[in-house]
Each structure stands twice: as C-alpha cells, then as structure tokens.
Amino acid sequence: MNSRDERMLKSIPNWLSLSRIFLSLALLFLEPLSLSFYAMYIACGLSDMLDGFIARKTGTTSTLGAKIDSLADLVMAGVLLVILLPILNPGTAILLWVIFIAVIRLAAMMVARIKYHSFASLHTYGNKATGLLLFLFPLLLSFSHAAVLMYIICVLASISAIEELLIHLTSDELLLNRKGWFEGKK
C-alpha cells in the first residue's frame, strides 16, 4: 500500500466522526421525531459506531480521532437537548440533575485541560453505556414513559461523569481509551 492509500485509510474514521457533527446539526432543520429525523438520527448513530470500529480494525486509532469523536458526541448531545427539551418538558428535578451532570463533566474537562494541557473525554464503559442509552432515548420514547427513561439516563450519566472526573484527578497520564476507574489499578 502506498503512502497516499495509507493516509486515506487513516482518515476514514476521522471523516466519519466529522460527518456526525454535520449530520447532528442537520437534525436542527428537521421536524423532531419525524421519519426524516429518525433516518438522519440513525445515520448519526451509524457514523458513531463505525468510526471507532474502523479505526481499531485498521490500526488507525489516533489521539486526534478520539478528540474528533468526543467533539462529535458532544455536538450530537447538545443538538438533542435543544430539540428534545421543549418537546419533553422535563420537571425541575430532571433539569437540575442535567445541570449537575454538566457541571461534573465540565469539571472533568477542566482538570484534564490543567493536568494534560488537552481537551479530554474518556471512552470508558460508563460513558459508552450512557451514550448508547442517550442514543436509544428518542427511539424508545414511543415504548416507555419519558420521565422513567430520563431518570435512568441521569443515574447512569451521573455515575459515568463522576467516574471520569475521578480518573482525571487520580491519573498521572491521559489515556483517552481507558475503560474505567479500575483499569490499570493493581
């Protein structure tokens, strides 16, 4: 394989992550929870699954790729909040809980910025589970009570946010693909 082909292969996961940013922003222009919304939404989810899978299978994982993936996840989550909050009209308790989670996540990012001089969002099992549940949330709305789903998501998101903050506070080095609090602890 020549160097041009290698560069092209290495860039595929990053392009998939970047596409998720644009696809997520496109959701803002679609009728929420419509067929076109769900189609675009599922395309976002597929890009999220494929970018990391392709990077791992081709040995093209990179710090830049992990950061683009995290940024794409953040954009998608923000877009969904903008779209779904007015529809769901969650109670004060849920809104305060979401703010609490956001504060913990921002604290973790600030700790990483100070300690490692880098933006960092870890790919822990907790963060992956939270992301999966957040992804499934709009798809599950017609099968379950929204408030129950929101409480379940908030519990899981709280645990994963606190875990990430603890990892950043106690780690000597930035490991974006650390799977959890106990990984590497002997």
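Contact here means heavy atoms within 4.5 Å. This is a predicted model, in which local features need pLDDT of at least 70 and side-chain atom pairs count only at pLDDT 80 or more, while totals for chains, interfaces and linings use all residues. Residues are numbered from 1 along each chain as its sequence is written, and side-chain values use heavy atoms, with hydrogens and water left out.

## Overall architecture

The protein has 6 helices and 0 strands, where helices (H or I, at least four residues) and strands (E, at least two) are DSSP runs numbered from the N terminus. The radius of gyration of the protein is 17 Å, close to the 16 Å that the globule rule gives for 186 residues, so the protein is as compact as a globular protein of that length. That radius is taken over C-alpha atoms, and the globule rule is 2.2 Å times the number of residues to the power 0.38. Along the principal axes, the C-alpha atoms fill a box of roughly 50 × 40 × 25 Å.

Among contacts in the protein with a separation of 6 or more, 77% are between residues 24 or more positions apart.

## Surface and charge

The protein exposes about 10900 Å², of which carbon and sulfur atoms supply 72%; accessible areas come from the Shrake-Rupley method with a 1.4 Å probe, and for residues only the protein chains shown count as cover. Of the 186 residues, 37% count as buried. Buried means under 20% relative accessible area, exposed over 50%, and partly exposed in between (1.4 Å probe, protein chains only).

There are 15 positive and 12 negative side chains, and the centres of the two sets lie 4 Å apart. Lys and Arg count as positive and Asp and Glu as negative, with His and the chain ends not counted. Each charge is placed at NZ of Lys, CZ of Arg, CG of Asp or CD of Glu.

## Nonpolar core

A nonpolar core is a set of buried Ala, Val, Leu, Ile, Met, Phe, Trp, Tyr and Cys residues joined through side-chain atoms within 4.5 Å. The largest one has 25 residues, and L27 and F137 have the most contacts inside it. At least two residues of this core come from each of α2 (35-58), α3, α4 (92-116), α5 (125-140) and α6 (146-170). Helix α6 gives the most, with 7 residues.

## Individual residues

S158 is in contact with W97, F100 and I101, leaving aside neighbours within four places in sequence. H168 touches A108, V111, A112, K115, Y116, A120, L122 and L174, not counting residues up to four places away in sequence.

W181 lies in the segment after α6. Leaving aside neighbours within four places in sequence, W181 is in contact with E163, L166, I167 and T170. W181 and G126 are 55 residues apart in sequence, and their C-alpha atoms are 9.6 Å apart in space.

T63 is in helix α3 (residues 63-88). The C-alpha atoms of T63 and L149, 86 residues apart along the chain, are separated by 33 Å.

The table gives the accessibility of these residues.

| Residue | Relative accessible area | Class |
|---|---|---|
| T63 | T63: 49% | partly exposed |
| S158 | S158: 9% | buried |
| H168 | H168: 1% | buried |
| W181 | W181: 23% | partly exposed |
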